[in-house]
Amino acid sequence: MELSSIWILGANGMVILQVAVGALVLVSWLYLRRGRKVEGGLKRYDDLPGPKEFPLIRSLLQVFMYKRPQIHNLWTDMALKYGPLYKFRVPFKNFVVVSDPRLIPAVLGRPGLPKTQLYKMTRTMFNPYGIDNLFTYISTSNPEWKACRKAFAKSMSPENIRGMFPMMRARCGWLCEEVRKKGPGAAVEVQNAMQRLALDMIMLSAFDMDPHAVDFQESVILDSLHYVFNDIFRKMAMPWRQLIFWAMPWLPSARENKGYHDRLYAAWADICDNVRGKGPYSEDDNHFYAIIGRMAEPDTGKLWSREKLMAHCGGVVVAGMDTTAHAVSWAMFCVATYPGVQDRLAAELDAAGLLATPSNPEPKELDFNIMNELPVMDAIIKESMRMFPVGGSGIGRYADRDIDLGGYLIPKGTEVACCLHTMQMVPWNFPQPTRFDLGRWLEDADATDSAAAASPRPESTPAGAAEGASSAPAQSPSSSDGSSGQDDPERRTPGAEIAVDGHVGQESAAPKRRRDIKDQRGDSLTKPYIPFSAGPRDCLGQRLGMTYVYAMMVSICGRFRLELDPSMGGEAGVLERQISAFALAVDGGLFLRFHDRSVAPAEQAAAPAAAMSGLDTLKQSAGGSPGRPVFNVTASAR
Ligand code: HEM
């Protein structure tokens with residue numbers, strides 16, 4: 001203000017002016033604040049941070065401009081920018097994306113939120129009648145979901161899984177023999193190979209049926225599933241696709257679509273007939289096929305219809321097969337790629353007698369209990385499931401009422417994404433999240449030696465972190481919990497009798513699991529490590545799945561030294577080709593070279609390069625997204 005004005009106003013006038021300005025500022029602030037509050041003292045959804053919006057299309061442009069199949073990376077990149085709770089709007093749909101573990105109970109806990117209706121679209125994978133299965137029931141208040149969940153859980157007891165273990169071991173050994181036959185250094189598309197192994201294991205475990213997928217027979221299930229997965233994603237993006245097929249069934253694409261679906265339904269129906277054929281079952285038979293074969297309608301007491309059985313049998317196969325296969329594939333990728341990891345693992349397996357060498361070509365037979373004594377393996381599996389959670393862009397929930405999330409009123413109808421990848425790959429939950437760091441899971445400091453920088457993504461802390469509860473969640477070092485009881489970290493590792501600080505019988509310098517895993521208990525739903533999801537809809541088969549993963553990893557890593565095939569373009573090439581399909585996968589296949597540890601390096605060098613055959617993948621020629629593997633074993637080499 002100029003001196004002349006002071007002179008005009010005088011000293012008192014200046015004071016009055018200052019008070020007036022101050023009052024104006026205060027009143028405006030109070031007014032604005034009042035405008036931002038809604039009933040109950042909550043802030044408005046509109047006030048959440050989030051990406052730029054345009055008229056009509058809102059943030060749709062960001063989705064199209066992003067590498068579309070990498071939706072998990074889009075969620076994570078935005079979380080790095082907008083914080084642990086942000087909004088994302090496209091025409092007719094409002095989203096919030098949550099990566100603050102303290103908000104998990106409100107989303108995934110009890111009562112939590114129902115699943116998004118998108119899950120219903122996966123029903124076409126299992127039957128043409130729109131019948132639900134455990135995975136597609138929307139609400140936990142549905143009595144059918146409750147009854148199934150309770151009944152099926154009995155088949156996942158540690159005793160049952162222990163009983164299945166010899167089968168798992170044999171099947172893993174069988175796969176290793178097939179790979180050995182290819183010769184030293186064979187390049188194997190591991191996603192396909194692990195799907196074959198996992199399909200055999202889940203079919204044998206659940207139904208006592210042997211699809212012989214590891215010996216590379218044609219598999220209708222694998223062949224059709226790939227097409228059907230893609231079809232579901234396409235229908236989500238283009239809802240009119242179904243209408244076109246329905247209205248014009250003579251179109252070649254419509255006929256192809258029907259053909260794939262019909263073949264898959266026939267496979268599920270075959271399983272149902274097998275289940276029925278083995279019955280009737282006694283009440284104390286807790287095999288999965290017996291439990292499902294006894295399931296009856298509560299009102300009539302009649303056994304489930306064939307159609308309903310189809311929905312549930314197919315559901316278990318798909319839920320168990322694809323997840324397990326991709327979890328193992330990612331773990332193998334980590335072993336092959338991150339420096340020092342393979343050597344540490346080899347030392348641990350060697351000490352346990354589980355490593356093949358030229359002088360000891362057949363390692364000790366894998367024992368169910370020994371898996372609890374391999375902390376490095378344990379850490380590798382956990383860390384790979386942190387960085388590459390197969391449920392990548394899930395978990396989708398839906399606000400069926402107005403809810404309070406982190407102090408914001410989220411209106412009814414909002415889609416609530418609890419993206420596992422985001423939750424596990426942001427620095428406020430895991431410091432240096434793109435670093436493959438065994439030290440997160442082991443007590444010894446050396447573990448961090450086997451870490452490596454992994455991703456081109458910046459590791460910034462959130463700029464626009466939502467106010468209130470979501471700005472800086474507690475860091476969590478290690479394993480998750482959930483509410484089903486199965487995912488207690490101690491029990492999730494195979495075998496009920498895990499030694500948490502275990503590595504029994506080794507000298508004190510040996511690595512140990514972190515003791516603080518125990519501290520996680522009692523606070524189960526607020527940990528950011530949730531590769532099996534959390535709460536009442538967490539993974540029913542996580543104990544079984546982890547046992548598969550351990551058995552596969554120990555068998556394969558004990559017999560082969562893994563190397564990322566040069567055609568993959570190194571770690572960056574693989575990360576670039578990640579896609580959020582039904583599970584987090586590598587587009588076009590993940591090729592690793594398998595070097596037989598029982599063959600001396602000099603002999604390996606002299607041996608002819610392996611011809612790739614049944615273990616390979618081809619580019620999908622029709623129906624699927626280009627570059628995705630097909631599972632046709634008759635396919636020739638890439
Ligand atoms: C390493 C292996 C596995 C991983 C990482 C995994 C992960 C998951 C995740 C993240 C979910 C929650 C999905 C969602 O809400 O969208 C889930 C659900 C489920 N999983 Fe798994 N899974 C694995 C193995 C298995 C196996 C072997 C089985 C079967 C026998 C199985 C059966 C199920 C079922 C039935 C559900 C739905 C449960 C419900 O909604 O009540 N999973 N799994």
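## Ligand shell, helix packing and strand pairing

The ligand is surrounded by 24 residues, and the closest of them are Gly320, Gly391, Cys539, Gly541 and Gly545. The model is predicted. Two helices, α12 (306–337) and α17 (542–559), each supply at least two residues of the shell around the ligand. These helices also pack against each other, at an angle of about 40°. Elsewhere, the briefing covers a hairpin of β3 and β4 and an open sheet of three strands.

**Shell around the ligand**

- Helix α12 gives the most to the shell, with six residues.
- By class, the shell residues comprise 13 nonpolar, nine polar and two charged.
- Gly320 and Gly545 are among the residues closest to the ligand, and both also take part in the contact between the two helices, Gly320 from α12 and Gly545 from α17.

**Packing of α12 and α17**

- The axes of α12 and α17 are 10 Å apart, and the angle between the helices is about 40°.
- Angles under 35 degrees would count as roughly parallel and those from 65 to 115 as roughly perpendicular; α12 and α17 are therefore oblique to each other.
- The crossing of α12 past α17 is right-handed.
- On the α12 side, the contact is made by Gly320, Thr323, Thr324, Ala327, Val328, Ala331, Met332 and Val335.
- On the α17 side, the contact is made by Leu544, Gly545, Tyr548, Val549, Met552, Met553, Ile556 and Cys557.
- The contact of α12 with α17 has 12 nonpolar and four polar residues, and no charged residues.

- Strand β3 (residues 85–90) pairs with strand β4 (residues 93–98) in the antiparallel sense, over six bridges.
- Val90 has Lys93 of β4 opposite it.
- Two residues lie between the strands of this hairpin, in which Phe92 takes a positive phi near 70°.

**Three-stranded sheet**

- Strands of a sheet pair through backbone hydrogen bonds, either parallel or antiparallel.
- The open sheet has the strand order β5-β15-β12, and its pairing is antiparallel.
- Its edge strands, β5 (186–189) and β12 (560–564), each pair on one side only.
- Neighbouring strands of the sheet are turned against each other by 35° on average, direction ignored.
- Strand β12 pairs with strand β15 (residues 591–596) in the antiparallel sense over five bridges.
- Leu562 stands opposite Phe594, a residue of β15.

Terms used
Residues numbered from 1 in each chain as written. Predicted model: local features only at pLDDT ≥ 70, side-chain atom pairs only at ≥ 80, totals over all residues. Near = placed C-beta within 6 Å. Helix = DSSP H or I, 4+ residues; strand = E, 2+ residues; numbered from the N terminus. Nonpolar A, V, L, I, M, F, W, Y, C, P; charged D, E, K, R; others polar. Axes fitted to C-alpha atoms, helices over the stretch in contact; angles between N-to-C directions. Parallel < 35°, antiparallel > 145°, perpendicular 65-115°, else oblique. Left-handed = near helix turned anticlockwise from the far one by under 90°. Contact = placed C-beta atoms within 7 Å. Pairing = 2+ DSSP bridges.
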